[in-house]
Number of protein chains: 2
Amino acid sequence: MSLQRRSLLTTTVAAPLLSSWPAGAQQAQAQAPGFYRFRVGRFLVTTITDGQAMRANPTRGMVVNAEPAAVEQVLKDALIPVTGFNNPFVVTIVETGQDTFMFDTGTGGQLNDTAGLLQQNMRAAGFDPGRIDKVAITHFHADHITGLTTREDQPVFAKAEVLVPEAEWAWWTDEGNATRTPEMQRGTFGVVRRRFAPYKSRLHQIKDGAELAPGIRAVAAYGHTPGHTAFHISDGDQQLFIMGDCANRPEVFLRYPDWHFVFDVDGPMASATRKRLFGRAADERARVIGYHFPFPANGYIARWSEGFRFVPADWSSAI
Amino acid sequence: MSLQRRSLLTTTVAAPLLSSWPAGAQQAQAQAPGFYRFRVGRFLVTTITDGQAMRANPTRGMVVNAEPAAVEQVLKDALIPVTGFNNPFVVTIVETGQDTFMFDTGTGGQLNDTAGLLQQNMRAAGFDPGRIDKVAITHFHADHITGLTTREDQPVFAKAEVLVPEAEWAWWTDEGNATRTPEMQRGTFGVVRRRFAPYKSRLHQIKDGAELAPGIRAVAAYGHTPGHTAFHISDGDQQLFIMGDCANRPEVFLRYPDWHFVFDVDGPMASATRKRLFGRAADERARVIGYHFPFPANGYIARWSEGFRFVPADWSSAI
C-alpha cells in the first residue's frame with residue numbers, strides 16, 4: 001500500500017474538519033484501527049479490513065437470476081442504498097502458536113481508491129507482512145490475490161509459503177479454459193500469472209481435505225470459481241469456517257442462496273455449495289468469517305425463511 | 001478505572017497464550033481499542049465501550065411480562081445463549097467543533113469485573129476525561145452515572161458541566177418517591193446523592209426539547225425511568241438519536257417492544273416511548289445509538305413483524 005493511498009483514506013478525510021477546529025479543542029480524529037481478535041480454542045484469529053469497493057446500481061447485473069425489483073426489495077429491507085452497494089474486503093490471520101497463517105491478501109491498494117488498508121491495519125494489529133509464515137488463498141479473483149505483490153511486482157510476503165487450492169491452480173493456469181470462463185473474468189488468467197510469479201519456488205498446491213496444520217483443513221467449496229476453497233479451523237468443540245466468497249454480502253446472498261452473484265463462475269454450483277456450507281455452520285453453530293461480510297465480519301448463521309441470516313458475534317475487549 | 005481492572009480485562013486474559021508462544025513468534029495479542037467514529041453532518045461522533053455485564057438465566061425475571069419459554073425462543077432465534085445474557089455498555093461522545101459532549105459515563109469500573117474500560121478506550125480515542133466540556137445524562141441508573149466519580153468520590157471530569165434531565169433530577173432527589181419506586185431500584189436514590197455530589201456547582205437541569213448546543217436537543221423518553229431522556233443530533237438531512245435505555249438489547253426489546261425490561265420503572269410507558277422513538281427512527285431512516293446495543297452500537301432501524309430490527313451500520317475506516 002502506498003503512502004498516497006493511506007493519505008487518501010485517513011489523513012485527507014479528516015483534514016476539512018481539523019482545519020475548522022478551534023486551536024484549543026481536542027483533536028481526536030483517527031478511526032480505530034481495522035482489526036478484531038477472537039479465539040477459536042487454542043487458535044488466535046484476527047480479522048483485518050482492507051477497505052471496500054462500491055458497486056453502483058446493484059439492482060442491475062449484480063444478481064444474474066433475479067429481477068431488479070426483487071433485488072431492490074431485498075436491499076431496501078436491509079437498509080442498503082439501492083444506488084451503491086458497499087462490498088467490504090476482510091482478510092483473516094490465524095495464529096496457531098507455531099505459525100501465522102494468512103487467508104487471502106486483499107487488493108494491495110491497486111484496485112480501487114477505497115481499499116488498500118490491509119498493511120496499515122496489519123501493522124496496527126502487530127503483524128509484519130515479512131513474518132507471515134503461510135498465505136492460503138481461497139480463490140484467484142483479483143481482490144484476493146493482488147495483495148501478494150506490489151505495483152512493481154515485488155513479493156509482499158518475504159518468507160511465506162503460499163498455499164493454493166489444486167483445482168483453482170489447474171483452472172487458472174491453463175489458458176485452454178478461457179473459452180469456458182465467463183468473458184468478464186478472463187482477465188483473471190493474467191492476474192494469476194503476474195501475482196504468483198515471485199512465489200513459484202515456495203508455492204504449494206493443496207487438495208480438498210488437506211490439513212494445513214493440526215486443526216486447519218481445506219474444504220472444497222467450488223462454484224464461485226472452479227477451485228474455490230473454504231478453510232475449517234477446529235479445536236475441541238470450537239470451530240470456525242473461513243468462507244471466502246461462498247457468499248457475497250449476507251443480506252442478499254444468504255437471504256436468497258439460490259441467487260447467483262455476477263462473479264460466480266458456475267452459479268448453480270455456487271448456490272449448492274453456499275447452502276451446504278452455511279447450512280452446516282447453522283446446524284453446528286460454528287463461527288464463520290465471510291470475506292465480503294461487513295467488518296469485523298465474524299459471527300454465526302441462523303436459518304431464516306428460505307435461506308439464512310448472519311448474526312454478528314458480540315464485540316469483546318477481552319480476547 | 002483502576003489498574004487492577006485494566007489488568008483483569010486485557011493483560012491477564014492474554015497471558016496464558018503468551019506464555020505458550022514460541023520466543024520467535026509474533027506476539028500480537030492486544031484487542032483493537034474499543035472506539036468507533038462516524039459523522040453526522042458537521043458533528044463527529046465516537047462510540048466507546050465500557051465493557052459489559054453478564055446476566056445469568058435471562059429467561060427468568062429479565063422480561064417481566066413474558067413467559068420464560070417465549071423469552072427462550074427469542075434468545076435462541078438471536079443465537080444469544082439462554083444461560084448468559086451479555087449486556088454491553090456504550091458511551092457516546094459528540095464533538096461539535098466547539099465543545100466535546102459526552103453522553104452517560106459508564107460504570108467507572110466499580111460495578112462488575114467485565115466493565116470499566118471506558119477511560120482506557122477514551123484515551124485510545126484521543127479523549128482526556130479532564131477536557132470533556134459537557135456530560136449529559138440520559139437517566140440515573142448506576143451503570144450510567146457511576147463513572148462520574150472515582151471509588152474515592154473524586155470527580156472524573158475536572159471541568160465538565162453536567163446536564164441532567166429535570167424530571168429525572170426531580171424524581172431521584174426526592175426520597176418521598178421511594179415508595180413509588182420498584183424496591184430493587186431504591187438504591188438509586190443513594191447512588192444519585194453520591195455520584196452528583198462533587199458536581200453540584202456545575203450541574204444544570206434540562207427540560208424536554210432543550211437545545212444543549214445548536215443541533216443537539218433533549219427528547220423526553222420517559223418510562224424506563226421517570227425522567228429518562230434521549231438526545232437528538234441533527235445537521236441538514238442527517239440525524240442521530242442517542243437512545244440511552246429506550247431499549248435494552250435490540251434482539252429482544254426491539255423485536256417485542258411491548259415486553260417490559262426488569263429495570264423499566266414504568267413498563268407500559270417505556271414500551272410506548274420505545275415504539276414512538278424507534279418508530280420515528282425507522283420512518284426517517286435516522287441513525288441510532290443504543291447504550292446496551294452491541295458495540296459499536298450504531299445503525300439503523302427497520303420495522304419487522306410486530307416490532308423492529310436493528311441494522312448495524314457498515315464499519316468504515318474513512319470517517
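**Overall architecture and local packing of the predicted model**

Of the 319 residues that make up chain A, 50% count as buried. The structure described here is a predicted model, and the predictor assigns the complex an ipTM of 0.91 together with a pTM of 0.92. Chain A comprises 8 helices and 14 strands. Along the principal axes, the C-alpha atoms of chain A occupy a box of roughly 60 × 50 × 45 Å. Among contacts in chain A between residues at least 6 apart in sequence, 68% connect residues at least 24 apart.

Confidence was examined along chain A. The mean pLDDT of the chain is 92, and 91% of its residues score at least 70. Strand β5 (residues 134-136) of chain A has the highest confidence, at 99, whereas helix α1 (residues 3-19) of chain A has the lowest, at a mean of 33. Over residues 1-27 of chain A, pLDDT stays under 50; for this segment the model contains 37 contacts beyond four places in sequence.

A sheet in chain A was then considered. Strands of a sheet pair through backbone hydrogen bonds, in either a parallel or an antiparallel arrangement. In chain A, 7 strands form an open sheet with mixed pairing, in the order β8-β9-β10-β11-β12-β13-β14. Its edge strands, each of which pairs on one side only, are β8 (211-213) and β14 (307-312) of chain A. From one strand to the next, the twist averages 35°. Helix α8 (residues 267-284) of chain A packs on this sheet, where it touches β10 (229-235), β11 (238-242), β12 (287-289), β13 (298-304) and β14 of chain A. The direction of α8 makes about 95° with that of β13(A).

Helix α6 (residues 187-196) of chain A has Thr188(A), Val192(A), Arg195(A) and Phe196(A) as buried residues. These four lie on the same side of α6(A), because they cover an arc of only 85° around the axis. Gly187(A), Gly190(A) and Arg193(A), in contrast, are exposed on the other side of α6(A). The elements covering the buried residues of α6(A) include α4 (142-145), α5 (166-172) and β7 (203-206) of chain A.

Strand pairing was also examined in chain B. Strand β12 (residues 287-289) of chain B runs antiparallel to strand β13 (residues 298-304) of chain B, and 2 bridges join them. Here Val288(B) has Gly299(B) of β13(B) as its bridge partner. Strand β13(B) also pairs in the antiparallel sense with strand β14 (residues 307-312) of chain B, over 6 bridges. In this second pairing, Trp304(B) is bridged to Gly307(B) of β14(B). The hairpin of β13(B) and β14(B) has 2 residues between the strands, and Ser305(B) adopts a positive phi near 55° in this hairpin.

Methods: Residues numbered from 1 in each chain as written. Chains lettered and ligands numbered in written order. Predicted model: local features only at pLDDT ≥ 70, side-chain atom pairs only at ≥ 80, totals over all residues. Buried ≥ 20, exposed ≤ 12 C-beta atoms within 10 Å, placed from the backbone. Arc of directions from axis to C-beta. Contact = placed C-beta atoms within 7 Å. Pairing = 2+ DSSP bridges. Axes fitted to C-alpha atoms, helices over the stretch in contact; angles between N-to-C directions. pLDDT = per-residue confidence, 0-100.
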